[in-house]
Amino acid sequence: MSGGEVAGILVAVFWAILVSFLALALVRLAQTLKAATRLVAEVTDQAVPLLSEASATVREANTQLARVDSIASDVQEVTSNASALSSTVSTAFGGPLVKVAAFGYGVRRAIGRKGRAEEDAPAPTRNVVIGKTLPSARRGGRRNRGSRG
């Protein structure tokens, strides 16, 4: 056997090993592509119903938001009507009621003073201190009410 024949055999052996490695790589690549294709098909099968459910959910949410918007506008209208009614009632009855309450308070106070004046014969006196007049204690004040009995 000559050197050229040995070199040819070595090249043929290396070539066979290289082809078998390439064939093995191609087989594994084909298996990977089949698995990827299967995975994509499964994801597609699951994603389509999920997308349709999500679309239905978004449509339902939009419907509910429209209802809430309608309710909010109705509440705003009721609030403005209540505010207008409140200001109208306050304007119509507020002034006269304050006047009636003030009159009633004045009448009670006058009757209370008249009753006390009849009980207490002497009129309140004032004390004079070198050119200054000091007022007597207030009758019926908050501080003196409990002490009179």
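Modeller: Questions and answers on this chain follow.

Modeller: This is a predicted model, where local features need pLDDT of at least 70, side-chain atom pairs count only at pLDDT 80 or more, and totals for chains, interfaces and linings use all residues. Residues are numbered from 1 along each chain as its sequence is written, and side-chain values use heavy atoms, without hydrogens and water.

Biologist: In what order do the elements of the chain run from the N terminus on?

Modeller: Helices (H or I, at least four residues) and strands (E, at least two) are DSSP runs, numbered from the N terminus. The chain has two helices and two strands. Their order is α-β-β-α.

Biologist: Which element has the lowest mean pLDDT?

Modeller: pLDDT is the predictor's confidence in each residue, from 0 to 100. The chain's mean is 83, with 77% of residues at 70 or more. H1 has the highest element mean, 90, while the lowest, 51, belongs to helix H2 (residues 145-148).

Biologist: Is Val 13 buried, exposed or partly exposed?

Modeller: Val 13 sits in helix H1 (residues 3-119). Buried means under 20% relative accessible area, exposed over 50%, and partly exposed in between (1.4 Å probe, protein chains only). Val 13 has 44% relative accessibility, so its class is partly exposed.

Biologist: What percentage of the 149 residues is buried?

Modeller: The chain exposes about 13,300 Å², and carbon and sulfur atoms supply 66% of that area. Such areas come from the Shrake-Rupley method with a 1.4 Å probe; for residues, only the protein chains shown count as cover. The buried share of the 149 residues is 1%.
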